Amino acid sequence: MHIVDGVLSTDVVVTGAVIAVGGIAYGLRGITIENMPRTALLSAVFFVASLIHVPIGPTSIHLIMNGLLGLILGWAAFPAVFIALLLQAVFFGFGGITVLGVNTVNMALPAVLVGLIFSPFLARVDGRIMAVAAFAAGASSIMLSAVMVGLSLALSGQEFLATAKLVFINNIPIMVVEGFLTAAAFSLIKKVRPALLLSGASSRATA
Amino acid sequence: MPFRTIIDHCVAGFKTPVIKGTAIIIALAAVLLALAPDRAHAHSFHVFALGDGDIIEGYAYFGGGARPHHADLSIEGSDGKVLLTGQTNDNGEFRLRVDHLDDYTIRANTGDGHAASYIVKSSELADDLPKATATSPASVVALNATEDAPNTDIDLSPNASPAPTGNMIAPENQRISITAEQLSTLVSHAVAKQVNPLREQIVAYENKVRFSDIIGGLGIIIGIFGAIAWWQARKRVSTPPE
């Protein structure tokens, strides 16, 4: 899912960077002292998750966990993803520096969307329905990321359908794996300490 | 609720639910981290190639060892002109014959956002190849990657042409004579054969994700958010009246 330097056209790189800066700025505004640790922690989770590989077929795929980031962090997923991606690019050569903006948007925007769509619902339901919804959140954020990667490549001149199909098929196993992981992690947090899931303002109220 | 009991059992030492929840999240992160080192292969894409004589061979691979099937391949000369486009074979391997001395850049692209390049320096190729110039541009021919043809085609037949003086030469004393160029080709081929696996290992080692890098990265993440938290905390402290 990490697009590398030199594959995308300049238009796409610049557009990605602009959207990423906007998202990061908006996300940073939402980070308060109260939700700072969890932003840092989930940034670390995202950073490490990419190192866990699921070897399937000819290629190996890694976890991304952007669904969980979106559910817990909301807009703060943008800075969290950005910092993790920056370090991955510097340390491991995943992706690259110039495409950092595009990669950030490709991972963080689906996270934010999933957070906006699923969080209100997840806050109301419980038990099995909650687990299924969390599964859907984890899986759909990967699906959206795959579509966005395909779209980024297509806008840079590659044929959309073939590329999108390739990215999509490669990521179907990870959608399932992440669905389960997101459901497990979300259920665990909600059972053990639901206050961890509240946004900054409301957690201050309940604290 | 057995699940809850397991959790309670595991973190029984922690009394308050706040610490318990935090402990669980830290435990989750630790499990993720513990899984990482032995599986710590970058999901990055690389090309590796070696020059030997007039042959360039190599392969494209993902960090961790997986090989792409039929990745797109393109070869550029030092002037950036594309000399050949093709595909790797099923194992991500390729094999090319060049006819000029040049720094060749080999690019591979899997089509889903993974691309990589590798430069084969002219010093790796046989010295007797003509230098690539504007007037005689290099050309590259793709060979079958799996075929294991000998890279040197020097005919080492007994040299009988320079007027055989002795009428009886015992077979064990039979001499072969080779030219200096042939010798240098043979030596460089032999050296390449010995050294290339080593170079392969070095490149693979450089691309490996190291545990220290992971820990360093986590430290930086904590540092960055710690700095932001500190900044916000100072702001809050400095606003109340004295």
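## Strands of chain B

In this predicted model, B:Phe48 stands opposite B:Tyr59 in S2(B). The pairing to which these residues belong joins strand S1 (residues 45-52) of chain B to S2(B) in the antiparallel sense, over eight bridges. The two strands form a hairpin with two residues between them, and within that hairpin B:Gly53 takes a positive phi near 65°.

S2(B) also pairs with strand S5 (residues 93-98) of chain B, again in the antiparallel sense but over five bridges, and here B:Ile56 stands opposite B:Leu96 in S5(B). Is strand S2 of chain B largely enclosed or left open by the rest of the structure? Seven of the eight residues of this strand (residues 55-62) are buried, so S2(B) is largely enclosed by the rest of the structure.

The unreviewed UniProt entry lists residues 18-36 and 214-233 of chain B under "transmembrane region". For residues 214-233 of chain B, the model shows 100% helix and 0% strand, with the end C-alpha atoms 28 Å apart. Helix H4 of chain B covers residues 211-238, a run of 28 residues that reaches 40 Å from its first C-alpha to its last, close to the 40 Å expected at 1.5 Å a residue.

Which residues of H4(B) are buried? They are B:Ile214, B:Gly217, B:Leu218, B:Ile221 and B:Phe225.

## Chain A as a whole

The C-alpha trace of chain A spans about 50 × 35 × 30 Å along its principal axes. A compact globule of 207 residues would have a radius of gyration near 17 Å, and the 16 Å of chain A agrees with that value. Of the 207 residues of chain A, 57% count as buried. Among the contacts in chain A with a separation of 6 or more, 74% are made by residues 24 or more positions apart.

How values were computed:
Residues are numbered from 1 along each chain as its sequence is written. Chains are lettered from A and ligands numbered from 1 in the order in which they are written. This is a predicted model: local features need pLDDT of at least 70, side-chain atom pairs count only at pLDDT 80 or more; totals for chains, interfaces and linings use all residues. UniProt positions are given in the numbering used here, feature names are shortened, and annotations may be inferred rather than shown by experiment. Helices (H or I, at least four residues) and strands (E, at least two) are DSSP runs, numbered from the N terminus. The expected span of a helix is 1.5 Å times one less than its number of residues. A residue is buried if 20 or more other C-beta atoms lie within 10 Å of its own, exposed if 12 or fewer, and partly exposed in between; C-beta atoms are placed from the backbone. Two strands pair if DSSP finds at least two bridges between them. The radius of gyration is taken over C-alpha atoms; the globule rule is 2.2 Å times the number of residues to the power 0.38. Two residues are in contact if their C-beta atoms, placed from the backbone, lie within 7 Å.
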